[in-house]
Amino acid sequence: MDRAKAVVSDRSKSVGADFLQLDVGEAPPGGRADWLAARLRSAIADGRAPVGSRLPPSRVLAAELGVSRGVVTEAYQRLGEDGQVAGRGRAGTVVVATPAAVRARPPEPRRAPEVFTGRPGLDVFEALRAAPARVDLTPGVPDLAAFPRAAWLRAERAVLHRATPAALGYGDPTGTPALRLAVANWLARNRGIRADPAEVVVVAGVSQALGLLARVLHERGTRTVAVEDPGSLGVRQHLTYAGMATPPVPVDDRGLRVDELERSGAPAVLLTPAHQFPTGVVLDGERRRRLLRWARDGGLVLEDDYDAEHRYDRPPVPALRGMAPDRVCYTGSISKLLAPALRIGWTLVPPSLHADVVDAKRTADLGNAALPQLVLAELMESGALERHLRLLRHRHVRRRDAMIRAVRAYLPGAVVHGAAAGLHLMVTLPGDVDDRALAAEALRRGVKVHPLSWHGQRPQPPGLVLGYAATPPSEIDRALSTVADALHALP
């Protein structure tokens, strides 16, 4: 065999897991395909898997790594979409090109715990997400590893198979007719809201809905929207950025203090009546009736129904929108059902505001991307989304129970709030604890949490807001042990 043939023969050999020193233990939970694609991409770029070499058969590499074959095929598919590998029949998956070199600016060093010092800025949540940690217990994060990829792909294929060329053009700024119909049916089945699909405006998540509503109200002369206290820091930031004052209205074990809202003189209020954030309480019947009387007398209610579908130990609570559609602006999304990255939500507003909200949406972005809307509509109408929700509820109950056990074991004296529904728990702590210092120390030790004081405008008891939906029970136990160590380390 001459030298040229020897080179070709050598390059045709499969590259195996041993050669690349692949350790699946490095992969983040739910991100094995991303991790494997990145490692293979790196091997192609630096020549360990040169052009012309074969990658191992997916079944072989999956067995070597101890992962499902789907993880490997998905990684190979991503490399194929990037043009770096190609299937060659019996010759297997062959490396055909190296990735283009990108000169990356070295990252600036981060001192992650500083995110908890001073007044939280608009970028505080991005800064916390970027901070490295072993376990992320920040609230509001669903179980992203459970995203129904197979169901999504089936729905996407079905949509693309029947989509007309017109479906790929500019669409209705209020959303595709298919999704607006699916949302109307979903709300009727799950939230007790009867709405015409023409009333639905599809938006890029609840955050955009609030921004559009604030813009419309501001142009009509409203400069104040009262908010729950404690209540979501992120929601308050959106309203403040839109030019709204956000006077706090206290929340107790029956929900928003409607008598305090009446005394505030605010013309509008934003609240989370089905599962108050962060306390988890439900607005009780008497206060619902009093709030609706306040609304019929001229007040406007902005209802954030952020995770009402996630309930475990209590019956569903109907949305306020179903009781007073002329005085309630309703917002919801799939961020807690599927994934925030999809950026799909919806809003229903009173008829007097509808045209202005549509104009605001049109000028903001001409409408959401149509194809993801059509796929979501397929999931909703086929029953796949409800099957996914049932799966999540069983998983979330186990994780919630694990967190309650861990709080009791490692934080004696702490009180758990809001366990009957949602994706997080609020935990109040005994004594005079600086919860921001506690959150900073926990982050230094590798665990992300929210200090309760972030979410209050008035003084609050010290505490933490702990998300459990995205974390396996064993990790929850270790994380709460770390939080307890952080608490004991405080001066």
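## Second largest cavity

The lining of the second largest cavity comprises 4 nonpolar, no polar and 3 charged residues. Nonpolar here means Ala, Val, Leu, Ile, Met, Phe, Trp, Tyr, Cys and Pro; charged means Asp, Glu, Lys and Arg; the others, Gly among them, are polar. Arg 191, Ala 274, Ala 308, Arg 311, Arg 314, Pro 316 and Val 317 form this lining. The volume is about 40 Å³.

The model is predicted: local features need pLDDT of at least 70, side-chain atom pairs count only at pLDDT 80 or more, and totals for chains, interfaces and linings use all residues. Residues are numbered from 1 along each chain as its sequence is written, and side-chain values use heavy atoms, without hydrogens or water.

## Largest cavity

The cavity count is 2 at 30 Å³ or more. A cavity is a set of points, on a 1 Å grid over the protein atoms alone, where a 1.4 Å probe fits but cannot get out; lining residues have an atom within 4 Å of a point. Points are joined across faces, edges and corners, and a volume is the space filled by probe spheres set on them.

The largest cavity has a volume of about 90 Å³. Its lining consists of Val 227, Glu 228, Gly 231, Ser 232, Val 235, Arg 236, Leu 270, Thr 272, Phe 277 and Asp 304. Strand S6 (226-229) and helix H10 (233-241) are the elements that give two or more residues to this lining. By class, the lining of the largest cavity holds 4 nonpolar, 3 polar and 3 charged residues.

## Chain overall

The chain has 17 helices and 17 strands. These are DSSP runs numbered from the N terminus: helices are H or I with at least four residues, strands E with at least two. The C-alpha trace spans about 95 × 65 × 40 Å along its principal axes.

Of the 491 residues, 50% are buried (under 20% relative accessible area, with exposed over 50% and partly exposed in between; 1.4 Å probe, protein chains only). Among contacts (heavy atoms within 4.5 Å) between residues at least 6 apart in sequence, 75% join residues at least 24 apart.

## Ser 474

Ser 474 sits in helix H17 (residues 473-489). Ser 474 counts as partly exposed because its relative accessibility is 42%. Ala 402 is 72 residues away from Ser 474 in sequence, yet their C-alpha atoms are 8.1 Å apart in space.

Key:
On a 1 Å grid over the protein atoms alone, a cavity is a set of points where a 1.4 Å probe fits but cannot get out, and a pocket is an open set with protein on both sides within 12 Å along at least five of seven lines; lining residues have an atom within 4 Å of a point.
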